[in-house]
Each structure stands twice: as C-alpha cells, then as structure tokens.
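Please walk me through this model in the viewer. Tell me what to select at each stop and what is there.

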Amino acid sequence: MIEILTTGAANCVQDLGRFGYLDAGVSRSGAMDAPALELANRLVGNEPNAAAIEVAIFPFRMRFDRAGLVAVTGADLPVTLGGIRYPSWWALPVSAGDILELGLPRRGARAYLAIAGGLIVPPVLGSASTDLKSRWGGLEGRGLRRGDRLEAGFAPAALGDLPAGFGLDPETIGRGGADIGEEVPIRVLPGAEYDVFDQAAVDALEAAAWQVSEDANRQGYRLSGPQLTLRQKLELHSHGIMPGTVQVPPSGQPIIQLAEANTCGGYPKIAHVIEADLWRLGQAPVGSRLRFARVDRRQAVAALRAQRVLIDRAAPFAALARKDAANPELLAALSRRDTNS
Amino acid sequence: MQQDGDNPKVSAEGAGALLFDVAGPVFDPSLQERIWLFADVLKTLPGVREVAPGMNNLIVVFDPLRLDPDSLEAHLLAEWTKTVAAPAAGRLLDIPVVYGNEGSDLSEVAQEKGLTIERLVAMHTAPVYSVAAVGAMPGFVYLSGLDPRLALPRRAVPRMGVPEGSVIIGGAQAGIMPLTAPSGWHILGHTDFHLFDPLREPPAALRAGDRIRFVVKEIRA
C-alpha cells in the first residue's frame with residue numbers, strides 16, 4: 001500500500017494504453033512517455049505494461065506502508081528517499097514508512113514511478129490507464145489527490161541486496177542530447193494535406209522553432225509560431241487521427257494531438273510525429289521549442305526498431321542488478337552471451 | 001473529383017498507421033457500405049491492431065515492426081478493388097427523443113429554417129439514419145441521412161458543455177452526444193438512450209452499419 005502525500009490533479013495512473021476500441025471512439029490514453037514507463041517497470045521486474053504513476057506536477061510525495069522496490073524514470077529530477085538524494089532512472093529498495101519525494105525536473109516534464117508488483121486498479125476496457133477526459137480508468141477515472149491510497153501487487157522479482165539501488169545511464173537508452181533552452185528535435189512524416197499547404201507553410205514547418213503554448217495537456221499541445229495557410233480552402237470529412245497527428249485549424253496555429261486526443265477529426269493534417277519521438281513531446285514542457293525534421297516511412301520504422309532494441313537491452317541488465325536469478329529474461333540473456341563468446 | 005472509390009488516397013499517420021481515403025466532396029452512402037466491409041476484412045490481417053471507419057475513409061493501426069507499411073499499403077489498394085458494396089447487416093433501433101427540452105435550440109433552428117416546430121420535428125424523425133462511423137468521442141455516432149433541408153452551419157461559438165444525450169445536428173450531419181463535452185452543433189432535443197458504457201462489452205451501443213430512427217416521446221416548446 002502506498003499513500004499520496006503531495007500531488008497535483010494531472011498526476012495519474014497510467015500503463016501503455018488502451019487498445020482495441022478505436023472503432024468505438026475510445027482514445028488510446030497511456031503514458032505520454034511510454035518507453036520511460038516501460039523501463040520503470042523493467043527496473044523493478046514488472047511486466048512492461050504494469051500500472052505506474054505518471055507525475056507531471058511537482059513536488060510529488062508518497063509514503064510506503066511496506067518494503068518493496070520502486071523506480072523513477074522519465075524527466076531528469078531529484079529523487080529523495082530517507083534524506084538521501086538519488087538521480088532519476090534509478091531503482092531503490094524501500095522500507096515501510098519511507099517517504100519518497102520527486103522534486104522539480106531539471107530537464108523534461110514527466111516522471112514515471114513504478115513499484116514492484118505494479119499498482120492494482122480495476123482495468124477498464126482492458127487497460128489501467130486513466131482517461132482524464134472521459135473520467136474512467138486508473139483510480140476512479142481521475143488524477144491523484146492527497147490521501148489517496150493505492151495497493152501494489154505481489155512482487156515476484158528479487159529485490160537485490162544493493163541498499164543504494166541501481167540505475168540506467170540515460171545516454172545508453174537514447175536520452176542524451178538537448179539541454180534546457182535548446183530545441184527539441186522532432187521527426188515527422190508529411191500529413192495527408194501536406195501538399196495543400198502553401199510554400200511558406202511547408203517551409204515554416206521545418207524552419208520555425210515551434211513553442212509549446214500554455215494550452216498543452218494529455219489531449220494535445222497547441223503550438224505558437226508562424227501562421228500556416230492553405231493554398232486552397234479544404235472541406236474534409238471526419239477521419240481517424242493518431243497521437244502525433246499535427247492538425248492545422250483555421251487559426252493557422254498547429255495542434256499536436258496526443259494520448260487523450262479525440263479519435264476522429266476534420267482539420268487538415270500537415271504532419272505526423274513519428275512514434276519513436278512521441279516521448280520527446282511527453283517530456284517537452286510548456287514554453288519549450290520544437291524543431292521538426294521531415295523523414296520518410298522507412299526512417300520512421302527504423303527509428304522505432306532502434307528504440308525497441310535499446311529498451312530490450314536494458315531489461316536483462318536490470319534483472320542482473322536485482323540478482324533476479326529466477327528471471328527467465330536474465331537466463332536467456334546470459335545464455336546468449338555464452339553462445340556468442 | 002471522382003467519387004467512385006477508384007482513386008484511394010493512402011497516407012501514413014506515423015510508422016504504424018495508414019489512413020485510407022476514398023472521400024469525394026460529398027459523402028457517399030454506398031462507398032460507406034464498402035468501407036464497413038473493407039474494415040471487417042482488414043481486422044483479420046495478422047499484425048493489424050485496430051481498424052476504424054471514418055466518413056468515406058478508414059484508419060488501419062498496425063505493428064510496423066511486424067508489418068511493412070509499404071506492403072500493407074499495396075495490400076490495401078489490391079483488397080479494396082475486391083470489396084464490393086453490400087447493405088450492412090446492421091440492427092434497426094428506435095431512439096426516443098424529448099424535443100425542445102430546456103437548453104435546446106429547437107425554436108431558434110425552426111425560426112432560422114422558416115419552419116414550424118412540428119414540421120421541423122417531422123423532418124428530423126422521418127428518415128432512417130445510418131451509423132456511418134463511431135468515433136471522435138467514446139460512442140459518438142456520425143449519422144448520415146439528415147434531410148438536406150435541415151443542413152445548418154455550426155454555431156459561431158461552440159458551447160463548452162453540451163449535455164450527454166443531446167440530439168444534435170451540424171452541417172449535413174446528425175448526432176447524439178455520448179457524454180457532456182464541447183460542441184458547436186445545434187441541440188434539437190434529448191434522449192435517455194445510453195450510447196456508451198465503459199463497463200459494458202461492447203462499450204458502444206451502436207456500431208457502424210447500424211440504423212436508427214428518432215421517435216417523438218414529447219415536444220416541449
């Protein structure tokens with residue numbers, strides 16, 4: 001059992017998303033930085049899709065009622081446990097009564113907090129993720145409040161004998177790069193109406209630094225920058241849109257649709273953020289600037305495959321650090337190493 | 001622009017989603033019947049995660065690490081030519097409506113159209129509507145079949161909260177609000193019919209290919 005001591009309403013229970021109900025109009029939801037949630041789970045020995053907490057409002061404080069293993073990933077922020085400060089991308093053994101605090105991010109916008117055994121919430125439409133817009137899933141379909149108590153499941157993984165825990169170097173999982181004040185590089189595919197935008201718009205898409213406006217949440221980000229205009233007026237029928245779709249409403253200021261976006265829309269689409277870069281949006285705070293670069297389908301698939309390889313490599317390492325000898329992933333990884341050498 | 005479905009436009013919405021679009025300037029109900037059948041065929045493909053019809057288009061979501069997007073696009077184009085329109089085996093449901101409930105735009109719409117309230121209600125209840133697609137919001141139905149004489153531009157300023165159960169029209173379409181949400185459509189009445197329940201399987205009461213009739217429960221004006 002854990003108890004929430006300090007939080008904001010945007011902090012909520014998430015997993016990797018709700019699939020299978022797109023034709024019923026159900027948004028995907030799930031973590032805004034899915035690889036970070038998956039790796040937090042991997043660090044503590046959970047299934048990749050186990051329910052964890054997405055923290056977007058800081059500071060966040062919680063208390064543990066029993067011993068366990070906890071991991072924090074995502075944003076680069078100070079993690080404090082028992083008066084000692086740890087980095088992010090770290091797994092820590094905790095004791096009953098321990099208080100964990102997540103401070104303001106130095107870089108990034110969202111942290112993921114996974115607990116060995118995973119959080120227990122009733123699944124809705126096959127997922128533990130909170131749909132804040134529709135008000136279901138997660139904990140009673142809402143963000144976390146002070147005093148909320150959440151139960152964690154049985155943890156089959158060994159907890160390790162490293163009192164200071166263990167972690168991942170963010171560089172090794174593709175998290176190096178831009179510092180505060182720098183632009184966030186985002187790769188995009190051209191949208192269905194790309195060719196209907198005028199030359200100035202097409203040029204501005206990649207030339208401008210697009211600022212994430214105050215109007216940014218799990219549904220989408222409205223961007224500030226040059227006004228994008230069409231060569232001719234367009235009337236589109238309603239069609240499916242995905243997290244990452246960059247729509248341009250009549251105002252000319254683009255909106256990136258994200259985890260809780262409506263599943264259909266009718267505005268012209270100038271671009272789509274590739275799946276491998278959706279996490280960068282999840283970590284882009286209000287006021288940060290995005291720089292789009294056009295890629296093709298082949299590059300979009302290759303980027304996703306590369307990301308998958310980095311995540312899958314990290315998992316057996318975490319099992320090794322936990323001394324999780326019974327973990328089949330570890331045994332498989334070790335036997336592969338033997339064969340290769 | 002042709003509207004015989006012979007020139008599908010396919011675009012990638014990321015590595016793992018393809019939008020397949022045969023829409024012309026005007027919505028075509030027979031093309032939509034073909035889209036429904038096409039969706040059913042595509043759902044059985046290995047590697048495909050979701051297929052959702054839109055209005056004369058559909059989106060296919062798949063695992064691009066299993067299914068090559070270019071090969072899938074070629075497959076979609078080939079499979080589409082083999083898909084022949086046929087009437088859907090959908091259900092026919094009656095939706096009881098209280099017209100002119102508090103907060104509705106019934107008298108404003110009647111005035112705008114130069115119709116009596118009775119005539120407006122008669123025109124709205126006359127057709128058998130088709131559920132062309134379900135989407136945008138959980139359980140929201142895009143209904144085709146609205147009398148073209150009732151077509152009306154959306155409100156200049158959308159309402160921030162149109163109540164669940166509102167029976168609405170916007171542009172050339174009719175709809176029902178599955179939950180309270182912002183909308184620029186005009187409210188004609190209210191129904192107690194529940195379009196969506198996340199704890200029910202399937203959660204949406206209506207699916208693409210179903211047909212509905214609005215029936216008058218009461219007119220308050």
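**Stop one: a loop in chain A**

Select H237(A), in the loop between strand 16 (220-224) and strand 17 (239-240) of chain A. Helices (H or I, at least four residues) and strands (E, at least two) are DSSP runs, numbered from the N terminus. This is a predicted model: local features need pLDDT of at least 70, side-chain atom pairs count only at pLDDT 80 or more, and totals for chains, interfaces and linings use all residues. Residues are numbered from 1 along each chain as its sequence is written, while chains are lettered from A and ligands numbered from 1 in the order in which they are written.

H237(A) counts as buried because it has 21 C-beta neighbours inside 10 Å. The cut-off for buried is 20 or more other C-beta atoms within 10 Å, with C-beta atoms placed from the backbone.

Now show its contacts (C-beta atoms, placed from the backbone, within 7 Å). Beyond neighbours within four places in sequence, H237(A) touches G266(A), A23(B), F27(B), G54(B), M55(B), N56(B) and N57(B).

**Stop two: the chain B side**

Select the residues of chain B that contact chain A: 43 of them meet 36 residues of chain A. Strand 3 of chain B gives the most to this side, with 5 residues. By class, the side has 29 nonpolar (Ala, Val, Leu, Ile, Met, Phe, Trp, Tyr, Cys, Pro), 8 polar (the others, Gly among them) and 6 charged residues (Asp, Glu, Lys, Arg).

**Stop three: a sheet in chain A**

Colour the open sheet of 7 strands in chain A, ordered 7-6-9-4-1-12-11 with antiparallel pairing. Two strands pair if DSSP finds at least two bridges between them. Strand 7 (84-86) and strand 11 (119-120) of chain A are the edges, each pairing on one side only. Finish on T6(A), which stands opposite R61(A) in strand 4 of chain A.

Notes. Buried ≥ 20, exposed ≤ 12 C-beta atoms within 10 Å, placed from the backbone. Contact = placed C-beta atoms within 7 Å.
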